[in-house]
Structures are given as structure tokens and as C-alpha cells.
Amino acid sequence: MEEKEKLKNYERFLGEFKEQGNHWDKIEKRTATLFQVLIDGDLKELVFVLKHYPKYIEIVCDHFRYSYNYGGNEADMYAASKLLTMSEGYHQKQFVRNLIRKLPKISDFDISKLNSFLNELLEKQEQIHSIILSFYKNEIERNINTNNYHKLQVKVLEKNLQKLPINSDFDFSASDRDANLDIPYMD
């Protein structure tokens with residue numbers, strides 16, 4: 001029952017959906033505003049809405065391309081993974097780059113937090129999209145290379161990193177048509 005009530009709260013913001021037209025012409029302003037708020041605020045809620053209204057997935061991916069994390073809210077890694085899974089086929093690079101920007105940062109993690117985080121990735125890798133696993137694997141490697149950790153601690157991390165199978169062929173380079181949308185100071 002709670003899910004139905006929760007869904008009713010969102011339904012009043014979901015206006016008419018048009019199959020034809022440009023991105024902004026397909027949905028009403030209140031619907032675009034709802035998705036902007038959910039993109040910026042809580043990906044868990046966004047995934048909840050899209051689960052019940054999958055016709056908006058492509059629109060949300062397009063909308064996400066122009067979203068630059070104004071609120072600074074971090075995204076839940078598992079909700080981001082669900083969004084990536086739901087949106088297979090609509091993975092424009094800028095959409096993925098903006099989603100990745102919203103993930104929790106690990107650059108300030110000490111060796112203990114980094115090890116715990118890597119263990120979580122290993123334990124729950126079936127629940128995490130390969131793009132996110134690949135991103136965090138690269139971030140952990142960057143963290144190892146930029147910090148002065150003890151060699152034995154690094155060996156343990158590197159051994160565990162090898163256990164993280166990465167089969168993502170997503171290219172994070174900015175050479176696509178959306179490259180000019182990157183805003184460096186937002187990283």
C-alpha cells in the first residue's frame with residue numbers, strides 16, 4: 001500500500017508524454033522539473049518512478065545530460081547502477097559522465113576506508129553496474145598511485161582489485177558530440 005501512495009505523490013507531476021518532438025517538447029514543464037529535482041536529489045526515488053513509468057527513461061537520460069549536479073548531492077551507487085541497467089541503449093557519454101560525477105568521492109579515503117570500500121565492491125559486485133565498477137576500480141588505482149601507502153598495504157589492495165572483474169567497454173573520453181558540455185570546474 002505504501003508504494004501506491006508514494007506513486008500517487010509523483011503521478012500528479014507526470015504530465016502528458018508525446019512520442020514525437022525534441023526532448024523538451026515531449027514532456028510538460030512540471031514533468032521536466034520533477035525529473036530535475038529527482039536527478040539532483042535522490043536517484044533512489046528517480047529509479048522508483050522510472051520502474052513504474054519506463055516510457056520516461058529516454059527522456060531522463062537526455063535530461064541528465066544537461067544536469068551538472070548543482071545541489072552537490074551524492075548519488076547512491078546502487079540506485080545509479082539500477083538507472084544504468086534500466087537505461088541500456090540510452091547511454092550517451094554525457095549522461096554517464098554526469099551520473100558518475102554524482103557518485104560518492106573516494107579520493108580522500110585513507111587506506112582503511114579504501115580497503116573497506118573495495119571489499120564492499122567485491123561483495124556486492126552483482127548489484128553494481130560494470131560502468132560503476134570500472135570507474136571505481138580506476139579511482140582506487142588513482143588513489144593508490146597518489147598516496148604514500150605502505151607497500152604491503154598496496155599489495156593487498158592490488159590483489160583485491162584483480163578480483164574485481166571489469167567487463168565494461170564504456171569509453172569515458174570526451175571526444176563525442178557532447179564533449180563541449182563538460183564543465184571542468186564541476187568535477
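Q: Which backbone oxygen lies 3.1 Å from a polar atom of the glutamine 125 side chain?
A: That of leucine 122. A polar contact here is a pair of N or O atoms within 3.5 Å; within protein, one must be able to donate a hydrogen and the other to accept it, and residues adjacent in sequence count only if both atoms are side-chain atoms.

Q: What should I know about the model and the numbering?
A: This is a predicted model, where local features need pLDDT of at least 70, side-chain atom pairs count only at pLDDT 80 or more, and totals for chains, interfaces and linings use all residues. Residues are numbered from 1 along each chain as its sequence is written, and side-chain values use heavy atoms, with hydrogens and water left out.

Q: Where is glutamine 125 found?
A: In the loop between helix H8 (111–123) and helix H9 (130–146). Helices are DSSP runs of H or I, at least four residues, numbered from the N terminus.

Q: Is glutamine 125 buried or exposed?
A: Buried, because its relative accessible area is 18% and the cut-off for buried is under 20% (exposed is over 50%, partly exposed in between, with a 1.4 Å probe and protein chains only).

Q: What is glutamine 125 in contact with, leaving aside neighbours within four places in sequence?
A: Leu133, Lys163, Leu164 and Pro165. Contact means heavy atoms within 4.5 Å.

Q: Changing topic: how do the axes of H3 and H4 cross?
A: The axes of H3 (residues 29–41) and H4 (residues 43–52) come within 6 Å and cross at roughly 135 degrees. That makes H3 oblique to H4. Axes are lines fitted to C-alpha atoms, for helices over the stretch in contact, with angles from 0 to 180 degrees between N-to-C directions. Under 35 degrees counts as roughly parallel, over 145 as roughly antiparallel, 65 to 115 as roughly perpendicular, and the rest as oblique.

Q: Which residues meet there?
A: Phe35, Leu38, Ile39 and Gly41 in H3 meet Leu43, Glu45, Leu46, Val49 and Leu50 in H4.

Q: How many salt bridges does the structure hold?
A: Two, a salt bridge being a side-chain nitrogen of Lys or Arg within 4 Å of a carboxyl oxygen of Asp or Glu. Glutamate 5 pairs with lysine 8 at 3.9 Å, N to O, and glutamate 139 with arginine 142, where the closest N and O atoms are 2.3 Å apart.

Q: How far apart in helix H9 are glutamate 139 and arginine 142?
A: Three residues, so about one helical turn separates them. Glutamate 139 counts as buried at 17% relative accessibility, whereas arginine 142 is partly exposed at 48%.

Methods: Helix = DSSP H or I, 4+ residues; strand = E, 2+ residues; numbered from the N terminus.
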